[in-house]
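Hi,

Here's the structure I promised to pass along. Have a look at it first, then read on for what turned up around the ligand.

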Amino acid sequence: MTETPIIPPGSVLGILGGGQLGRMFCMSARRMGYRTLVWTGGLEAPAIVVADEAIDLPFDSAEALEQFVSKAAVATVEFENIPRETMEAVAAKIALHPSPNAVAICQHREREKTFLKQHGIPCAPFAVVASADELAKAVAEIGTPAVLKTAAFGYDGKGQLKLTGDEDLADVWANFGTDRAVLEAFIHFERELSVMVARSADGSVVAYDPAENRHRHHILDVSIVPARVSPAVAAEAKVIACQVADALDYRGIMGVEFFHLPDGSLLVNEMAPRPHNSGHHTLDACATSQFEQQVRVTCGLSAGSPKLLSPVVMLNLLGDMWPDEQVPPDWSPLFADGSAFLHLYGKRRAVGRRKMGHANFLADDVEAALKRAEILKAELLRGGRS
Ligand code: AMP
């Protein structure tokens, strides 16, 4: 077996993408003495101000590619919609973790679902749809209610349509605006869970305790950790998440999202080949944050302990909590709570329900943390534009 080189502190870590996940990665990397190089893709990039260096050019720029691979010792990704060609071009020159293939599977629902099915990993019944006829066949096979999802570029409920069975399917397809989609059975789940896992170069995997996730307008609202499920369900979710990472021959940090059904069974909804919003509690409540974990595994170091040190509730701070796009909320109620920790992403405009930051509430039990988070949320929403 060839030794995996260790990338030591002081080296330059390249990040594809410059969003808040890249920003928090840079903060962890810099704390550990690494230097960071962010390639933004030309998108608005909250990571730039905390990176040692940034390349603020699109992902198809040959000049940006040349700069990136000549300066970075190793690279990772912070969002999955990086063009595959860019990832391949980077990986041809320097190590990129996770691999372009693993990211490509997770960035496309058809490939993702097909992968899960091929590996015997439980997921909702689905059919691939590429025409109005195929949609009609898929509805006949899967039944209704069902959810039609675009194959590519879907997240936070975008590119999704619930079908009840009353629709004109030719119309639905004509207006859906994609040439490939997946039709999934609508799952009457009891709750949604997610598990963060980090898989190292030697194939060892560590799993964090499952988070219980609640959404607001299809966007993550709160993550409750530990999830309020039996130890057996929590253990099974971790086992399945590790199976997914193994089957992908994954190297890096990833999030696996689940539906938990009333009969206790679990179905994988989707995977994120990067840190995940439902892992933000790890910044204040776990021995190793998901971002430090990404640094460690990318650099060939062994993974840190995923141990949960305190029950925690993570509250997402969305743009609609801002009184005005450029006026932040009054944070004094949050600062008055000595066990609540604010993380803001430095975005200048709180457009719509954009993710502006999050807050982690620690307590001796999740119910107490949830109560404090809900009180603050109500207060912020009252003062906001929701
Ligand atoms: P996704 O972008 O696939 O994570 O979907 C966003 C949210 O829509 C999920 O977190 C669920 O709350 C809901 N959802 C997605 N797929 C289904 C499904 N097959 N059945 C029921 N709800 C779903």
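Start with Arg-109: one of its polar side-chain atoms sits 3.1 Å from an oxygen atom of the ligand. Bear in mind that this is a predicted model. Gln-160 has a side-chain N or O atom 2.8 Å from a ligand oxygen, and for Glu-270 the distance from a polar side-chain atom to an oxygen atom of the ligand is 2.8 Å. As for cover, the ligand has 480 Å² of accessible area on its own, and the protein covers 92% of that.

Now the wider shell. There are 17 residues around the ligand, and those that come nearest are Lys-149, Glu-184, Ile-187, Glu-192 and Glu-270. Sorted by class, the shell has seven charged, six nonpolar and four polar residues. Strands β7 (146–150), β9 (181–185), β14 (252–260) and β15 each put at least two residues into it.

Where does the ligand lie relative to domain 2 and domain 3? It lies between them, because domain 2 (125–185) and domain 3 (191–383) both give residues to its shell.

Asn-269 counts as buried because its relative accessible area is 8%, under the 20% cut-off. Beyond its neighbours within four places in sequence, Asn-269 is in contact with Glu-112, Lys-113, Lys-149, Glu-184, Glu-257, Phe-258 and Phe-259. Among those, Lys-149 and Glu-184 also turn up in the list of residues that come nearest to the ligand.

Cheers

Note on methods
Residues numbered from 1 in each chain as written. Predicted model: local features only at pLDDT ≥ 70, side-chain atom pairs only at ≥ 80, totals over all residues. Heavy atoms only, no water. Buried < 20%, exposed > 50% of the residue type's maximum accessible area, 1.4 Å probe, protein only. Contact = heavy atoms within 4.5 Å. Near = heavy atom within 4 Å. Polar contact = N/O pair within 3.5 Å; in protein donor to acceptor, adjacent residues only side chain to side chain. Areas by Shrake-Rupley, 256 points an atom, 1.4 Å probe, with all protein chains shown as cover. Helix = DSSP H or I, 4+ residues; strand = E, 2+ residues; numbered from the N terminus. Nonpolar A, V, L, I, M, F, W, Y, C, P; charged D, E, K, R; others polar. Domains from an automatic or database assignment.
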